[in-house]
Amino acid sequence: MVVKMHYGSHFDIVQLKKVTVQYTSKYMLAEPKNILLPCVALQLVTGQTPHVTRAAQSVAAFKLKQNQVLGCAVTLRKDMMYRFMTQCVHVLLPKMKDFSSLPVSATQPNVHFGVEQMLFFPPLEKHVDIFEPLEGCSVHVHTTAKTPIETLLLCSGFKLPAHAADKNMAQTM
């Protein structure tokens, strides 16, 4: 990447800032005690204790009250982040059906993807009977990239399959 982008300093090189794994479900709105199982699952998958996300304000259209439990999230940095990304690239993404590559937006330098089943993660496979009711989660990979081309180069360095979401952006590469 250093050769292709002609960086002036090693501080300009694109790197991962953080990875956020989030889980939300409509079943938590009805019963707040349902947050326990997703929190345990995220802790097993990431190795870090998740924090509970709550509604900032009431929204009548969604029957949502202020401070109501919405889900849980984990923000990974440094070693934990790289371990999780390695697990995603080598174990998780090959297990997903109908998965070809991740879209990289022309306006945003981050990569987002969803996991259909939490059971795709290796720590949860052994406990299918416990974690079966869980749906998927979303993974957000935050980078220091300034352009989508830098994001694509970073993804290729991590062996993360990514493609340009915009046809015009793909032609400029």
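This is a predicted model: local features need pLDDT of at least 70, side-chain atom pairs count only at pLDDT 80 or more; totals for chains, interfaces and linings use all residues.
Residues are numbered from 1 along each chain as its sequence is written, and side-chain values use heavy atoms, with hydrogens and water left out.

**View 1. The open sheet has 5 strands in the order β2-β3-β1-β6-β5, with antiparallel pairing.** Strands here are DSSP runs of E with at least two residues, and helices are runs of H or I with at least four, numbered from the N terminus; two strands pair if DSSP finds at least two bridges between them. Because β2 and β5 stand at the edges with a single partner strand each, one side of each is left without a neighbour in the sheet. β1 and β3 pair in the antiparallel sense over 6 bridges, and Gln22 has Ala73 in β3 as its bridge partner.

**View 2. Val19, Phe84 and Met118 touch the most other members of the largest nonpolar core, which has 44 residues.** Such a core is a set of buried Ala, Val, Leu, Ile, Met, Phe, Trp, Tyr and Cys residues joined through side-chain atoms within 4.5 Å, where buried means under 20% relative accessible area, exposed over 50% and partly exposed in between (1.4 Å probe, protein chains only). The elements that give two or more residues to this core include β1 (16-24), α3 (36-46), β3 (69-76) and α4 (78-95), and α4 gives the most, with 7 residues. Leaving aside neighbours within four places in sequence, Val19 is in contact (heavy atoms within 4.5 Å) with residues including Val74, Met81, Phe84 and Val141.

**View 3. The buried residues of helix α3 are Pro38, Cys39, Ala41, Leu42, Val45 and Thr46.** Seen down the axis of α3, these residues fall within an arc of 165 degrees, taken from the directions between the helix axis and the C-beta atoms, so they line one face of the helix. Just after α3, Gly47 takes a positive phi of about 80 degrees.

**View 4. Lys63 and Lys78 each have a positive phi without being glycine.** Most residues other than glycine have a negative phi. Phi of Lys63 is near 55 degrees, and Lys63 counts as exposed because its relative accessibility is 73%. Lys78, in helix α4, has a phi of about 55 degrees and is exposed, with a relative accessible area of 66%.
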